[in-house]
Amino acid sequence: MDAFSVLQREQKSIFNEAIVFAGVCLSTPFAYAATTGTVSASVMGLWALNTLYFSSTIFTVKLRKPKTSSVIPGVVYHAIASLIILILYWFGCLSPVAALAFGLALLKFGIAALNQEWYRTAKIQFVATLESATAFAFFVIVALSVLPARLTTL
């Protein structure tokens, strides 16, 4: 689907990129189902959290280009994503720590949005490092949030 869309438009749309992230993030419930034989609401909550977190990168990176540098779509996306995460937490699909991990996406977007000129002119290596470091921190926080209590006290 991604390749077809890119060939048709010769570019990636926000919707298309989000679908790609959602597809890649399906590895979470697939791995869980393969090892346990079941799928739970919390695993689907983690899939949604991963998808929303990594899709937020679309809006942060688009701030680098003058043509797509409006912060409004990013603010709307992050508000809706935060509401979805709050709902998932409310219904017990996400632990408080996992839900709060989305704060890294908000922080990263906020830094880029409030410092657009600097962010646009920063070397791509810095942007890649920022994305990689926050993704790794997100991974560690979420991974620790799903460990059984007896393993987190060691």
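# Reading buried faces and salt bridges in a helical chain

User: Which helices are included in what covers the buried residues of α7?

Analyst: The cover of the buried residues of α7 includes α4, α5, α6, α8 (116-121) and α9. This is a predicted model, in which local features need pLDDT of at least 70 and side-chain atom pairs count only at pLDDT 80 or more, while totals for chains, interfaces and linings use all residues. Residues are numbered from 1 along each chain as its sequence is written, and side-chain values use heavy atoms, with hydrogens and water left out. Helices (DSSP runs of H or I, at least four residues) and strands (runs of E, at least two) are numbered from the N terminus; here the chain has 10 helices and zero strands.

User: Which residues of α7 are buried, and how are they arranged around its axis?

Analyst: Buried means under 20% relative accessible area, exposed over 50%, and partly exposed in between (1.4 Å probe, protein chains only). In α7 the buried residues are Leu104, Ala105, Lys108, Phe109, Ala112 and Ala113. Seen down the axis of α7, these residues fall within an arc of 160 degrees (taken from the directions from the helix axis to the C-beta atoms), so they line one face of the helix. The face turned away from that buried side carries the exposed residues Leu107 and Leu114.

User: How does the span of α5 compare with what it should be?

Analyst: The expected span of a helix is 1.5 Å times one less than its number of residues. For the 19 residues of α5 (residues 72-90) that should give 27 Å, and the end C-alpha atoms are 27 Å apart, which agrees. The buried residues of α5 are Gly74, Tyr77, His78, Ala81, Ile85 and Leu88. They cover an arc of only 95 degrees around the axis, which puts them on the same side of α5. The buried residues of α5 pack against α4 (41-62), α6 (96-100) and α7 (103-114), whereas the face turned away from the buried side carries exposed Ile72 and Trp90. Just after α5, glycine 92 takes a positive phi of about 80 degrees.

User: How many salt bridges are there, and which residues form them?

Analyst: A salt bridge is a side-chain nitrogen of Lys or Arg within 4 Å of a carboxyl oxygen of Asp or Glu, and by this rule the count comes to two. In one of them glutamate 131 pairs with lysine 108, the closest N and O atoms being 2.8 Å apart. That pair links distant parts of the chain, with glutamate 131 in helix α9 and lysine 108 in helix α7, 23 residues apart. Glutamate 131 is buried at 14% relative accessibility, and lysine 108 is buried with a relative accessible area of 1%. In the other, glutamate 117 pairs with arginine 120, with closest N and O atoms 3.6 Å apart; both residues lie in helix α8, three residues apart, about one turn of the helix. Glutamate 117 counts as exposed at 53% relative accessibility, while arginine 120 counts as partly exposed at 23%.

Terms used. Contact = heavy atoms within 4.5 Å.
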